[in-house]
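Work through the two exercises below with the sequence and the model at hand, and compare each step with the solution that follows the task.

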Amino acid sequence: MTERSHVSVDRLSVHYGIGKSLFGRGGVVKAVDEVSLEIPRGSFFGLVGESGSGKTTLGRAILNAAPISGGGVRYVDGDVDYDVGNLSKADLKDYRKRTQLIFQDPYAALSPRMTVRDIIAEPLEVMGLTKTRAETDERVREIAAKCRLNLEHLRRFPHAFSGGQRQRISIARALVCEPKFLVADESVAALDVSIQADILNLLKSLQKDLDITFLFISHDLSVVAHTCDYVAVMYLGTIVEMAPSRELFESPRHPYTKALLSAIPSLDPDDRGKAQKLEGEIPSPAAMPPGCRFHTRCPVAEGRCSTDVPEWRELTRSHFAACHFSE
Ligand code: SF4
């Protein structure tokens, strides 16, 4: 853990046992497998990968919402230093207040029977953080204004709002307890492109305003490109590349990152048709390929890739990758 770290993940694993099925034997699903990373305080840290890469499970394990099978998560904030997998009841309650999740689907995340005021106020009331209704109302109005919600809308129900407005309500609800660490899991994926930019700008300004550290999970590298300070690329339960955002986009070292980057649509006619298409599906985390996990789809794989696990190496300052040929 470095001095600047807010959250430190050390060889973290989340494995699930699966029972015997009619056609197959039981086994172990390695959703997250010995992942290590440092999330600097006050940063916007991107976690990118295809569906099935384990990024949502990693985010939830950091929030103590998925069972940790090995390794650990450390959370440091002022005089608080938590080993997240081994929290006492009182510390877990405090950790729940300090960390929050913004859900992916703004349509499913909000109860249709509650007013916007009650939706935003609920975490305060459940955690007993305010003493009177007037105090709760004041806090709700304050955070709603910060999330650029019209205060007259607090009496309405969620069905009256568009996707972008609903996501603002979800964000206000996540922020009402004044957390310092937020996991935003595909928080703009369900929105139109123009609304995505609006919500991303809101998250960035809230980050600065409220001094929050963000873990921003997305399957879309183009979304992460303009938002994040650091990016970690995840494939089949493990991190394959990690670097400051600009460095990663200008000088990717792992073939998987290169393939994801080349798939971003370009306005330059010379770039069209150059996308490096990834062949095949991501393998099952219950049947990990030996050697480099990416070798079954890697366009530049060589013989040793199917037998030797590539080492996780620092290539240039703060730029890490796990590929035999990163140099
Ligand atoms: Fe591809 Fe081999 Fe590098 Fe893995 S180690 S990414 S298979 S070149």
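Contact means heavy atoms within 4.5 Å, while helices (H or I, at least four residues) and strands (E, at least two) are DSSP runs, numbered from the N terminus. The model is predicted, so that local features need pLDDT of at least 70 and side-chain atom pairs count only at pLDDT 80 or more, whereas totals for chains, interfaces and linings use all residues. Residues are numbered from 1 along each chain as its sequence is written, and side-chain values use heavy atoms, with hydrogens and water left out.

**Exercise 1.** Determine how many residues of helix 9 are buried, and what covers them.

Solution. Buried means under 20% relative accessible area, exposed over 50%, and partly exposed in between (1.4 Å probe, protein chains only). Helix 9 spans residues 255–262, and six of its eight residues are buried, namely Pro255, Tyr256, Thr257, Ala259, Leu260 and Leu261. Among the elements covering these buried residues are strand 3 (44–48), helix 7 (221–225) and strand 9 (230–235).

**Exercise 2.** Classify the ring pair of Phe44 and Phe214.

Solution. Rings of Phe, Tyr and Trp (its six-membered ring) pair if their centres lie within 6.5 Å; planes under 30 degrees apart count as stacked, over 60 as edge-to-face and the rest as tilted. The whole structure holds ten aromatic pairs. In the pair of Phe44 and Phe214, the ring centres are 4.7 Å apart and the planes stand at 15 degrees, so the pair is stacked. Phe44 lies in strand 3 and Phe214 in strand 8 (residues 213–218), 170 residues apart. Phe44 is buried, at 0% relative accessible area, and Phe214 is buried, at 1%.
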